[in-house]
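Dear colleague,

I am handing over the structure we spoke of, and below it you will find an account of what turned up in it. Please read the notes with the coordinates open beside them.

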Amino acid sequence: FKASPMVMYAFHDDLAAGARFTYSRQMTKLQSGALNISPELGFSVDNLYSISHNYYGTAVFRNYISMGKSKRFGFFNDVQLEIGGGQSKLCQGTGDALSGTYEKNFSVGVGLAPGVTMILNNYTALEVNVGILGFNYTHTDATTDQIYKSERKSNYANFKLNLMSISFGVAFYL
């Protein structure tokens, strides 16, 4: 589940700035699963439960480029600065074999997201965009079985078209 409302103010022709708030939640419950690659190599998982909640605040700058004279169809490009964090827990096993990990994370990201907009009327538009260029940094602190503490830091750059980052939206204009 993911919800991402955005508010923007058009301060000049074809230029807008605003903010977006994103909340995402993921949950997995798996009683049992097995993957056998060969007779000697196989993996199995029993009683797996995972849940995570993440919150993000994003500053957005957008420029529009109309297609033709009708101004019904157009391209746009978002420049985004995102800061957020969240928490998750993972439990596996039952009884004495129960093991669990609790994690807290913090992330910062900068990216470009070009897209296409179709203005339906004076108040509504449909939008499709895809994140193709960006840099993300994530810091995660984890505690396993309330004893073992660890941390990990990761960063990555994205310079390609990612079909999993396509977003569809509806915009309402006042």
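**Notes on the structure**

Arginine 152 has a relative accessibility of 44% and therefore counts as partly exposed, where buried means under 20% relative accessible area, exposed means over 50%, and partly exposed lies in between (1.4 Å probe, protein chains only). The model is a predicted one, in which local features need pLDDT of at least 70 and side-chain atom pairs count only at pLDDT 80 or more, while totals for chains, interfaces and linings use all residues. Residues are numbered from 1 along each chain as its sequence is written, and side-chain values use heavy atoms, with hydrogens and water left out.

**Overall architecture**

The secondary structure comprises 10 strands and 0 helices, and the order along the sequence is accordingly β-β-β-β-β-β-β-β-β-β; helices (H or I, at least four residues) and strands (E, at least two) are DSSP runs numbered from the N terminus. The radius of gyration of the protein is 21 Å, whereas a compact globule of 174 residues would have one near 16 Å (taken over C-alpha atoms, the globule rule being 2.2 Å times the number of residues to the power 0.38). Along the principal axes, the C-alpha atoms fill a box of roughly 70 × 35 × 30 Å.

Of the 174 residues, 24% are buried, and the protein exposes about 12,300 Å², of which carbon and sulfur atoms supply 61% (Shrake-Rupley method with a 1.4 Å probe; for residues, only the protein chains shown count as cover). Among the contacts with a separation of 6 or more, 56% come from residues 24 or more positions apart, a contact being heavy atoms within 4.5 Å.

**Charges and salt bridges**

There are 14 positive and 12 negative side chains, and the centres of the two sets lie 8 Å apart; Lys and Arg count as positive and Asp and Glu as negative, with His and the chain ends not counted, and the place of a charge is NZ of Lys, CZ of Arg, CG of Asp or CD of Glu. The count of salt bridges comes to 3, the criterion being a side-chain nitrogen of Lys or Arg within 4 Å of a carboxyl oxygen of Asp or Glu.

Arginine 62 and aspartate 78 form one of these, with their closest N and O atoms 2.6 Å apart. Aspartate 78 lies in strand E5 (residues 73-92) and arginine 62 in strand E4 (residues 42-66), so this pair ties together parts that are 16 residues apart in sequence. Both aspartate 78 and arginine 62 are buried.

Arginine 62 also meets glutamate 127 in a salt bridge, at 2.8 Å from N to O. This pair links distant parts of the chain, arginine 62 being in strand E4 and glutamate 127 in strand E7 (residues 124-130), 65 residues apart. Glutamate 127 is buried, as is arginine 62, and Arg62, Asp78 and Glu127 are linked in a network of salt bridges.

Arginine 152, with which these notes began, has a salt bridge to glutamate 103 (3.1 Å, N to O). Here glutamate 103 belongs to strand E6 (residues 99-119) and arginine 152 to strand E9 (residues 148-158), distant parts of the chain that are 49 residues apart.

**Two positions within strands**

Threonine 138 lies in strand E8 (residues 133-144), and at 22% relative accessibility threonine 138 counts as partly exposed. Leaving aside neighbours within four places in sequence, threonine 138 is in contact with Asn105, Phe106, Ser107, Arg152, Lys153 and Ser154.

Glutamine 80, found in strand E5, is buried with a relative accessible area of 18%. Its contacts, not counting residues up to four places away in sequence, include Arg20, Thr58, Val60 and Gly109. Glutamine 80 and leucine 48, also 32 residues apart in sequence, are 35 Å apart in space, C-alpha to C-alpha.

**Backbone angles to check**

Most residues other than glycine have a negative phi. Aspartate 14, which is not a glycine, has a positive phi of about 65°; aspartate 14 lies in the loop between strand E2 (6-12) and strand E3 (15-36) and is partly exposed, with a relative accessible area of 39%. Asparagine 47 likewise has a positive phi, near 50°, but is found in strand E4, and at 28% relative accessibility asparagine 47 counts as partly exposed.

With kind regards
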